[in-house]
Amino acid sequence: MNILPGQIEAFDKNLKNHNINITRNVINSLQINIGKKCNQTCTHCHMDAGPARTEEMQKETMDRIIYLLKNSGNISTVDITGGAPELNENFPYLISKLHELNINIIDRCNLSVLFEKGQENTPSLLAQNNVAIIASLPCYTEENVDLQRGQNTYRKSISALKLLNKIGYGQEDSGLILNLVYNPGGACLPAEQGTLELAYKEELKKQYGIVFNHLYTITNMPINRFAHTLKQNNEYEAYYNLLYDSFNPRAAESIMCKNQLSVAWDGEIFDCDFNQALEIPIHTGRKTVWNIDSFNEVCSEISFSNHCYGCTAGYGSSCLGRLA
Ligand code: SF4
Ligand code: SF4
């Protein structure tokens, strides 16, 4: 019998029961969500992104982030996400400014966006600025990808991967990193990352000659559009129970918010992209990039809630894959 999600042991209390004390240590990674517009409307999207969304980060906010990065010595990676971040017209500007900072840049790319109007130069922009690409491909079969991400997404994704391979991405010794992301098609946890990576590598190479660096497995968060899908299928409670029952203390010790912050399109600061999607402010209350002079000023306590079980179930989950 499933426990109602609201009656599950609170995540922070569960951490205490396991003698796990988590605060934010050194911030070495910043995730920037530069807009909610996307050319896709995937069933698992925690941002509720889609073609009709209009929220997008302005140049002034990007400039402020660059200023704060200069003042926050330890941040070595900036992870750009959305929506489809490439659809923000200031995306090339942000990339060039970050490149000047000599920082590791990641673009979370849905692949199909590379065939949208106006995106013709995006692959070369990314390559010239040595941007690592993390691309979603939730399966190596057409049926599963199109079911989750929309009709024809698979074919476009395969064409995009071929294009990226052609300019060096994912090729040995090119220095251009191409990592893929897997997330389950339904209400279950991801399989083991290493095993799945081998299967992806074998299938994509055999079928299309495609190569890539690593595969990250990510657990679907039971929030926003995915929560809606779960409720429609009468699976919401069972999925929450699965996450709770699969709590892994070792994964909890490594959750990504320990070393990361997230900035929204309007400059508000959050503990992570999921808290941003749920509009759960940081522990000291709402703060934006305009209220601080360095990211190091942001409080070390983290605003946990029960969706956090999505990060600690099974092998654990983060924007860079499994945790334990
Ligand atoms: S999951 Fe990614 S590609 Fe899909 S709708 Fe959301 S932002 Fe767009
Ligand atoms: S959902 Fe966010 S705040 Fe919660 S554990 Fe995961 S990264 Fe941390």
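Ala, Val, Leu, Ile, Met, Phe, Trp, Tyr, Cys and Pro count as nonpolar, Asp, Glu, Lys and Arg as charged, and the others, Gly among them, as polar. This is a predicted model, in which local features need pLDDT of at least 70 and side-chain atom pairs count only at pLDDT 80 or more, while totals for chains, interfaces and linings use all residues. Residues are numbered from 1 along each chain as its sequence is written, chains are lettered from A and ligands numbered from 1 in the order written, and side-chain values use heavy atoms, without hydrogens and water.

**Exercise 1. Describe the largest pocket: its volume, lining and classes.**

Step 1. On a 1 Å grid over the protein atoms alone, a pocket is an open set of points with protein on both sides within 12 Å along at least five of seven lines; a cavity is a set where a 1.4 Å probe fits but cannot get out; lining residues have an atom within 4 Å of a point.

Step 2. Take the volume, which is the space filled by probe spheres set on the points, with grid points joined across faces, edges and corners. The largest pocket holds about 300 Å³.

Step 3. Find the lining. It has 16 residues, and I103, N104, I105, N130 and A132 lie nearest the centre.

Step 4. Assign elements. Helices (H or I, at least four residues) and strands (E, at least two) are DSSP runs, numbered from the N terminus. β3 (104-109) and β4 (132-136) each supply at least two lining residues. β3 gives the most, with three.

Step 5. Sort by class. Eight lining residues are nonpolar, eight are polar and none is charged.

**Exercise 2. Where does H46 lie, and what does H46 touch?**

Step 1. Locate H46. This residue is in the loop between β1 (29-33) and α2 (59-71).

Step 2. List contacts (heavy atoms within 4.5 Å). Leaving out residues up to four places away in sequence, H46 touches I223, N224, D273, F274 and A277.

Step 3. Look for a polar contact, a pair of N or O atoms within 3.5 Å; within protein, one must be able to donate a hydrogen and the other to accept it, and residues adjacent in sequence count only if both atoms are side-chain atoms. The side chains of H46 and D273 make one, at 2.7 Å.

**Exercise 3. Which space does ligand 2 take, and what are the classes of its shell?**

Step 1. Ligand 2 takes the space of the second largest cavity.

Step 2. That cavity has a volume of about 100 Å³. It is lined by 13 residues, with C257, C272, N275, C308 and C311 the closest to its centre. Ten of the lining residues are nonpolar, three polar and none charged.

Step 3. Around ligand 2 are I255, M256, C257, C272, F274, N275, I302, H307, C308 and C311. Eight residues of this shell are nonpolar, two are polar and none is charged.

Definitions and conventions. Near = heavy atom within 4 Å. Sits in = over half its atoms within 2 Å of the grid points.
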